[in-house]
Amino acid sequence: MRYLVKATNNPPLAMPPLALTLDLDDTLWPVWPAIERAETQLHAWLQRHAPATARRFDIAGLRALRDEVARTHPQWSHDLSAIRLESLRRALRQAGDDEGLAQPAFDAFLSWRHRVEIYADVVPALQRLAARFPLVALTNGNADLQTIGLSHWFRSVVSARSFGVGKPHAAIFMEACRRAGAPAHRVLHVGDDLALDVAAALAAGLQAAWVARPDIHAEAEGAPEGTHHVVRDLGELADRLGA
Ligand SMILES: [Mg+2]
């Protein structure tokens, strides 16, 4: 007797996750409004403290300088803070202002960069998820969870800046799994970026959830094959995980 095995598009059932790693920017809050506000405030700061620099570089000019520093210093690709600090040093120098103002200018930028508007679903969802799973933050950005007021939900934070390489490198995912205390195939990584979060997590052997927030992704389409969850917000993810 022969049995027919039906072909299926579903990936093999994954083992339930034991821990979650979470991206921050554009997963817990929209990052660009905060960056734009911070750039505006930085320029206002320069107008007060380094007017020649503010005159020579408008916001777009400062951004171009930052991009140029990023291009010419690939060794800082995991450290956005180093790139922005050096670009400010350069702007001040080129305008004939005091380079020593780069650090306080950067501090002003960073304090505004931390004034993010957390998505409404995030705190209730973190509360549910943290009650069930160890949570580890995994970010390529320079947001500080303590400053933002969410650090108590997380067991640990792994940042590209402190670790030395960023996503999509498998090594940083492995470090996050180590801190989460679970093997990679039992860790679900949660993030908005299809390449840096979803494809990279799958390639590193983790499970992956794509958070396709409607304000950033009009369509929740294009997730790589094998993606374990596609959700519109973290509340939906908590529902799917039974948290
Ligand atoms: Mg992100």
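At roughly what angle do the axes of helix α1 and helix α5 cross?

**View 1. Helix α1 against helix α5 in the predicted model.** The axes of α1 (residues 31–49) and α5 (residues 102–113) cross at roughly 145 degrees and come within 8 Å. Axes are lines fitted to C-alpha atoms over the stretch in contact, with angles from 0 to 180 degrees between N-to-C directions; helices are DSSP runs (H or I, at least four residues) numbered from the N terminus. The crossing is right-handed, that is, the near helix is turned clockwise from the far one by less than a right angle. Contact (heavy atoms within 4.5 Å) involves residues including Ala34, Leu42 and Trp45 of α1 and Ala108, Phe109 and Trp112 of α5.

View 2. Ala34 is buried, with a relative accessible area of 1%, because buried means under 20% (1.4 Å probe, protein chains only). Beyond residues up to four places away in sequence, Ala34 touches Trp112, Arg113, Arg115 and Val116. Ala34 and Glu117 lie 83 residues apart in sequence, yet their C-alpha atoms are 7.9 Å apart.

Residues are numbered from 1 along each chain as its sequence is written, and side-chain values use heavy atoms, without hydrogens and water. In this predicted model, local features need pLDDT of at least 70 and side-chain atom pairs count only at pLDDT 80 or more, whereas totals for chains, interfaces and linings use all residues.

Technical notes: Helix = DSSP H or I, 4+ residues; strand = E, 2+ residues; numbered from the N terminus. Buried < 20%, exposed > 50% of the residue type's maximum accessible area, 1.4 Å probe, protein only.
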